[in-house]
Amino acid sequence: EIFNEARTAVQTALAFNPNSAEAYYVDGAIKFYGDFDWEGAEKSYKKSIDLNPNNADAYIRYSAFLGAMKKYKESLEMADKAIAIDPISISSLHNLGWVNLIAKDFKKSEDAFSQAIELHPNWIWGYVKRGYTRLFQNKCELARDDAAKARALLGDWGSNLIETTFIFNCS
C-alpha cells in the first residue's frame, strides 16, 4: 500500500515537473525495492543523476542498487561520488560502509563506519555494522565493544534484529 501511495506521489511530481531529479530517484527506489524492476530502477536512477549530478541521495540510492546487483566496482564509484558531494552525511558514509561490507572489503567498511561514528557518535546502527566488519576480520573483542556501545545507546528500547545482531557479534 505504501508503494502505491509513493508511486502516485512520484507520478504527480513528474506531471508537475518532468525534470524533477528527486522524483526520479524516488521512482528508482520504488522500482527497486517495491517492484523488483531492475531495468526500470537503473533507468530512473541514471535519469535522476543526469538531471542533477549534485544530488548525493541519488548517488547513494544508485550505489545501493548496484551493490545489490553485485556490481561492486560501479557501486563504490557511486558511493565515492556521494561522499564527495556530502562528506559528513550519515547516509553517504553508511552506504560506503555497507557497499564495502557486501563487497567483502572489511577494512574499508570498518573505516567508513568508524568515520560515520566519529561524526555521529550516537548512531546505533553504525556500531552494529562496524561490529560486523570487525567480526569478519576476527577482531572479536572490538566487535563486542561495538555491540556493548550500541546496547548502551539503546537503553530499554530494542528490536529483534538488533538483539540478533548482538548475539551474532558476541558469539
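A residue is termed exposed when its relative accessible area is over 50%, and buried when that area is under 20%. In the predicted model described here, Ile2 has a relative accessible area of 62% and is therefore exposed. Ile2 belongs to helix H1, which covers residues 2–16. Together with Phe3 and Tyr33, Ile2 forms a nonpolar surface patch of about 310 Å².

The secondary structure of the chain consists of 10 helices and 0 strands. Read from the N terminus, the order of elements is accordingly α-α-α-α-α-α-α-α-α-α. The C-alpha trace extends over about 55 × 35 × 25 Å along the principal axes of the chain. Of the 171 residues in the chain, 42% are buried; the exposed residue Ile2 falls outside this fraction, because its relative accessible area is 62%.

Among the helices, the pairing of H4 with H6 was examined. Helix H4 comprises residues 56–68 and helix H6 comprises residues 90–102. The two helices pack with their axes 10 Å apart and at an angle of about 15°. Since angles under 35 degrees count as roughly parallel, H4 is therefore roughly parallel to H6. The handedness of the crossing of H4 and H6 is left-handed.

Notes: Residues are numbered from 1 along each chain as its sequence is written. This is a predicted model: local features need pLDDT of at least 70, side-chain atom pairs count only at pLDDT 80 or more; totals for chains, interfaces and linings use all residues. Side-chain values use heavy atoms; hydrogens and water are left out. Patches are made of residues with over 30% relative accessible area and no salt bridge: like charges are joined within 9 Å, nonpolar side chains (Val, Leu, Ile, Met, Phe, Trp, Tyr) within 5 Å. Accessible areas come from the Shrake-Rupley method with a 1.4 Å probe; for residues, only the protein chains shown count as cover. A salt bridge is a side-chain nitrogen of Lys or Arg within 4 Å of a carboxyl oxygen of Asp or Glu. Helices (H or I, at least four residues) and strands (E, at least two) are DSSP runs, numbered from the N terminus. Buried means under 20% relative accessible area, exposed over 50%, partly exposed in between (1.4 Å probe, protein chains only). Axes are lines fitted to C-alpha atoms, for helices over the stretch in contact, and angles run from 0 to 180 degrees between N-to-C directions. Angles under 35 degrees count as roughly parallel, over 145 as roughly antiparallel, 65 to 115 as roughly perpendicular and the rest as oblique. A crossing is left-handed if the near helix is turned anticlockwise from the far one by less than a right angle, and right-handed if clockwise.
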